[in-house]
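Subject: Structure for your review

Dear colleague,

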Amino acid sequence: MIFKNVNELSAEEFSQLEGVYKQTADSPSLAIKKKYFTYYIENHSSLFFVAINERKVLGYICGMKASLEHPTLFQTYPYLKLFQDELISYPAHLHINVAPGNQGMGVGRKLMDKFVQALSQGNVLGVHIVTVVNAANNKFYQKSGFTFEKTHNFADKQLLFMGKSLNTDT
Ligand SMILES: CC(C)(COP(=O)(O)OP(=O)(O)OC[C@H]1O[C@@H](n2cnc3c(N)ncnc32)[C@H](O)[C@@H]1OP(=O)(O)O)[C@@H](O)C(=O)NCCC(=O)NCCS
């Protein structure tokens with residue numbers, strides 16, 4: 001398996017990447033695609049990594065190192081206001097998706113390692129994700145070192161903020 005930056009993909013690979021996004025997306029809407037996918041290609045491509053094996057795109061990870069620099073962070077992710085204080089220790093965030101046929105084979109772990117390694121080189125204090133309590137994939141984040149947890153009710157959901165501290169030189 002190799003990693004490519006999103007900017008290094010051939011047209012065929014990019015088309016497969018979009019296929020993985022579509023397969024794992026909650027909604028087909030263009031607004032949601034912009035929010036979780038296109039925004040990161042257009043603004044944070046250096047942190048957008050794609051896992052490829054024998055010309056097949058298996059999954060991707062994307063994100064940004066300083067969430068508070070997102071120009072519309074709290075409009076785009078309104079629930080993050082509840083976890084505003086935690087953004088100091090865990091400023092980076094990410095989105096990860098592995099194609100359904102390739103899950104459970106270590107691809108997510110390797111993508112996470114690649115992303116965290118890139119963040120660590122930039123002296124980032126920590127990274128977070130927000131999920132819901134008892135979601136199946138929370139185990140994946142726990143096993144990836146997201147040991148900080150804080151919950152908040154939002155709308156009709158019990159949200160779970162999970163944070164992972166990163167080693168920095170400072
Ligand atoms: C969540 C996801 C990124 C994990 O990637 P993956 O390639 O399937 O995970 P890996 O095979 O690298 O698993 C790494 C570890 O996490 C565990 N794990 C992964 N998914 C799990 C799940 N749903 N339930 C329990 N454990 C899980 C694995 O068992 C493994 O543990 P081990 O090292 O003790 O064997 C992937 O399954 C996925 O894209 N799911 C659908 C979309 C999604 O939920 N994205 C995240 C949005 S918040």
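Two strands are taken to pair if DSSP finds at least two bridges between them. In this predicted model, phenylalanine 154 has lysine 157 of S7 as its bridge partner.

Strand pairing

Strand S6, residues 148–154, pairs with S7 in the antiparallel sense, and seven bridges link them. The two strands form a hairpin with two residues between them. Alanine 155, in that turn, has a positive phi of about 55°. Strand S7 covers residues 157–165 and is also joined to S5 by seven bridges, again in an antiparallel arrangement.

Helix H5

Helix H5 comprises 15 residues, 107–121. From first C-alpha to last it reaches 22 Å, close to the 21 Å expected at 1.5 Å a residue. Its buried residues are Val107, Gly108, Leu111, Met112, Phe115, Val116 and Leu119. Seen down the axis of H5, these buried residues fall within an arc of 160°, so they line one face of the helix. Gln117 and Gln121, on the other side of H5, are exposed. The packing partners of the buried residues are strands S2 (49–53), S3 (56–64), S4 (92–98) and S5 (126–132), together with helix H6 (138–143). After H5 comes asparagine 123, with a positive phi near 55°.

Surroundings of the ligand

There are 18 residues around the ligand, and those that come nearest are Gln103, Gly108, Arg109, Lys139 and Phe140. At least two residues of this shell are supplied by each of S4, H5, S5 and H6.

Serine 144

Is serine 144 buried or exposed? A residue counts as buried if 20 or more other C-beta atoms lie within 10 Å of its own. Serine 144 has 20 such atoms within 10 Å, and is therefore buried. Its place is in the loop between H6 and S6. Leaving aside neighbours within four places in sequence, the contacts of serine 144 are Arg109, Met112 and Lys164. Of these, methionine 112 lies 32 residues away in sequence, while the C-alpha to C-alpha separation from serine 144 is 7.5 Å. Methionine 112 is also one of the buried residues of H5, and Arg109 is among the residues that come nearest to the ligand.

Yours sincerely

Technical notes. Residues are numbered from 1 along each chain as its sequence is written. This is a predicted model: local features need pLDDT of at least 70, side-chain atom pairs count only at pLDDT 80 or more; totals for chains, interfaces and linings use all residues. Helices (H or I, at least four residues) and strands (E, at least two) are DSSP runs, numbered from the N terminus. The expected span of a helix is 1.5 Å times one less than its number of residues. A residue is buried if 20 or more other C-beta atoms lie within 10 Å of its own, exposed if 12 or fewer, and partly exposed in between; C-beta atoms are placed from the backbone. The arc is that of the directions from the helix axis to the C-beta atoms. Two residues are in contact if their C-beta atoms, placed from the backbone, lie within 7 Å. A residue is near a molecule or strand if its C-beta atom, placed from the backbone, lies within 6 Å of it.
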